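Hi everyone, thanks for coming. I'd like to walk you through one structure today, so please have a look at the screen.

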Amino acid sequence: MQKTYLAAVFMLLAAPALAQDIVTETTTLGASAITLHVQPFLDATELATLRLVASNKDALALFVPNSQGFAAMAAAPEEGFIKDGAPVASAKALSDLPDAAAAATAALDACNSARSTTSPCVLLLEIGPKN
């Protein structure tokens, strides 16, 4: 019992140290501010695609056709973002939401509903009006 308790306490104390900080890259594109979350599972092609989306209006329009309000894109870590040259089914981008939190929640919920793996979805992009 005591060993189990100590192990549980150790895991709680160690969890923040084990958590990985995700690097972000923020760009502006027209009237939008775009934050790319550089997730560790992204391969070079996926990262290059997301950087293009964050820096090119035409590429952004493919994923977020309306630039009104807030938008977000999420993907499942075990499924990735692109497979065989196309976005995977669980990668979801949602737009026209009233605020950043609503956009993030909607994208994560849509992705989690579509994924077939165990790890929860994470944000890849957040898009909102430039301050």
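Let's start with C111: is this cysteine buried or exposed? C111 counts as buried because its relative accessibility is 0%; buried means under 20% relative accessible area, exposed over 50%, and partly exposed in between, using a 1.4 Å probe and protein chains only. Before I go on, this is a predicted model, where local features need pLDDT of at least 70 and side-chain atom pairs count only at pLDDT 80 or more, while totals for chains, interfaces and linings use all residues. Residues are numbered from 1 along each chain as its sequence is written, and side-chain values use heavy atoms, with hydrogens and water left out.

So, what is C111 joined to? A disulfide connects it to C121, with 2.0 Å from S to S; the cut-off for calling a disulfide is a pair of cysteine sulfur atoms within 2.5 Å. In general, a disulfide is a covalent bond between the sulfur atoms of two cysteines. The torsion about the S-S bond of C111 and C121 is about -75°, so this disulfide is left-handed. C111 sits in helix 4 (residues 100-114), and C121 is ten residues away in the loop between helix 4 and strand 7. Helices here are DSSP runs of H or I with at least four residues, strands are runs of E with at least two, and both are numbered from the N terminus. C121 is buried too, with a relative accessible area of 8%. Searching the whole structure turns up one disulfide.

Now the inside. The largest nonpolar core has 22 residues, and I34, L50 and L125 are among those with the most contacts inside it. By nonpolar core I mean a set of buried Ala, Val, Leu, Ile, Met, Phe, Trp, Tyr and Cys residues joined through side-chain atoms within 4.5 Å. Helix 2 gives the largest share of this core, four residues. Leaving out residues up to four places away in sequence, L125 touches I34, L50 and V53, among others, where contact means heavy atoms within 4.5 Å.

Not counting residues up to four places away in sequence, D96 touches N66, Q68 and F70.

Last stop: strand 1 (residues 23-29) pairs with strand 2 in the antiparallel sense over seven bridges; pairing takes at least two DSSP bridges. V23 has V38 as its bridge partner in strand 2.
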